[in-house]
Amino acid sequence: MALNFIETRGNEKGRKSKVSFSEAVLNPSASFGGLYVPEKLPQLQFEELTDLNYFDLAFTVLKSFEIDVSDEVLKEAINLYKKFDNPSEPVPVVDVGDNLYIAELYHGATRAFKDMALQPFGYLLSSLAQSRNEKYLILAATSGDTGPATLETFKNRQNISVICLYPEGGTSDVQKLQMVTEDGKNLEVIGINGSFDDAQTSLKNLLKSEKFKNQLAKNGVKLSAANSVNFGRIIFQTIYHIYSYLELLRRNQIKLGDQINIIVPSGNFGNALGGFYAKMMGVPINKIIIASNENNVLTEFIETGKYDIHNRKVINTLSPAMDILKSSNVERVLFTLFGAERTKDLMLQLEKNGKYQLSNDEVSKVQEIFGATYSTDDEVLEVINNYFYEKNYLLDPHTATVVKAHKKYSKDEIKNVAYSTAEWTKFSPAIIKALKIGDNSLRDKEALEKVAEKTGAKIAPQIAELFEKEIKHKKVVDVEKLEEEILNCQHLFS
């Protein structure tokens, strides 16, 4: 029997109390504005996994969830990892010394970790839509990496149209070009005057708006989402955490049962949630360490139990994909630890007052699992500089935040695995500044060339060619006009 999915805020009258995986993926908005989560998590038998390559591991893990998707579709989705830089190893795990290993998640089409989830997810969702003979509009809000990966995976896929929202001025040049130059006939990209949090709030409001869904229904279109509010994203993000542990086992760096820490640069908490579920599924993870930038609401939450954004504004940093205050996937952790009633109460407090406070007992439960710290931009620049000149290893600004966390939580007897979420090519002006090799005012194209010249690092072809592409999407709108603008995209609904 297939695994059921339940709702983080309890069940609203008139809605199913349990749904299948495919229903949760196609219609990810749950009762009371909540999210879908598995009713139970499978427990892994590591003795049976140690010799599996990434593809066989992914298939085994996905099958353990007992999801209602055919083996053929799962295998085709997973095989998209063979288009990564190394077809046999999509996630290299690099030993950088000092008991720290960096799992590089950026070797896919858009040079960021979102490809790990979205490449297979796009194929899977399109297959589900075709099998039901249904058409879907996929909404995506991005702080820089989800957007390009979403557009790339759904480009020209049958029965799917995509509208991607990004904060104008809130991404790097490369990230923006990856979106606005996309030429798929089923894609639309819209900039908004606001932050990522504004974009994500708009997305969640549209997902639960019956009026909006009814308007789409007139065109025979249903609504879904590609952000990590969709569990179809999260299920793929559990796999690389399991793989990292197995890699250390295979290298005899740990013995079966030894604990590790994982360090995750965190924005919307989907990557960290994948690690949380991996721990719940039996991976011997001691601590999940959350590395933030100066938008350090997660650090405060884990250290104090207070989630308070009511008087805060997003700070633009050198690590823009983490410039987020309202991390949606924390809700799934709250549900696992404290149940639906308490989760609904906390989430309503956050929506109404912009804050909530956990009890002392609840804080203790969170701290048993999570640790946290954050880095300033100056600290990020220093880490990038040191790692290149001392280790000949080039970090992007997001991955640089993990080093401070590693030092804080490093213990001789425990190995740390950190996750590198983007390639340096997406943030080359920051690299120029960090390495002190050129004019800090250089834009991405010139900065890329300068970094390559001075360091010998290669520019991925899919990044280099961006600057020659025609800009196809030029719309920038105010948040309050977003719904109207989306409904005007009739070419997507025909």
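Two strands are said to pair if DSSP finds at least two bridges between them, and helices (H or I, at least four residues) and strands (E, at least two) are DSSP runs, numbered from the N terminus. The structure is a predicted model, in which local features need pLDDT of at least 70 and side-chain atom pairs count only at pLDDT 80 or more, while totals for chains, interfaces and linings use all residues. Residues are numbered from 1 along each chain as its sequence is written, and side-chain values use heavy atoms, with hydrogens and water left out.

The pair β4 and β14 belongs to an open sheet of six strands, which has the order β3-β4-β14-β9-β10-β13 and mixed pairing. At its edges lie β3 (93-97) and β13 (370-374), each of which pairs on one side only, and from one strand to the next the twist averages 25°. Angles run from 0 to 180 degrees between N-to-C directions, and axes are lines fitted to C-alpha atoms, for helices over the stretch in contact. Helix α15 (residues 360-369) packs on this sheet and touches β10 (285-292) and β13, its direction making about 100° with that of β10; contact here means heavy atoms within 4.5 Å.

A further open sheet has five strands in the order β8-β5-β6-β7-β15, and its pairing is parallel. The edge strands, pairing on one side only, are β8 (221-225) and β15 (476-478), and the twist averages 30° from one strand to the next. Five bridges link β8 with strand β5 (residues 135-141) in the parallel sense, and isoleucine 138 has serine 224 in β8 as its bridge partner. Helix α4 (residues 114-131) packs on the sheet, where it touches β5, β6 (160-167) and β8, and its direction makes about 140° with that of β6. Helix α5 (residues 146-154), for its part, lies across β5, β6 and β7 (187-193) and runs at about 165° to β6.

Among the residues in contact are Leu118, Phe121 and Leu125 in α4 and Ala149, Thr150 and Phe154 in α5. By class (Ala, Val, Leu, Ile, Met, Phe, Trp, Tyr, Cys and Pro count as nonpolar, Asp, Glu, Lys and Arg as charged, and the others, Gly among them, as polar), the contact has six nonpolar, five polar and three charged residues.

Pockets were located on a 1 Å grid over the protein atoms alone, a pocket being an open set of points, where a 1.4 Å probe fits, with protein on both sides within 12 Å along at least five of seven lines, and lining residues having an atom within 4 Å of a point. Grid points are joined across faces, edges and corners, and a volume is the space filled by probe spheres set on the points. The largest pocket holds about 530 Å³ of space, and of its 23 lining residues the closest to the centre are Arg15, Asn27, Ser29, Glu210 and Lys213. Helix α8 gives the most to this lining, with four residues, and the lining comprises eleven nonpolar, four polar and eight charged residues.
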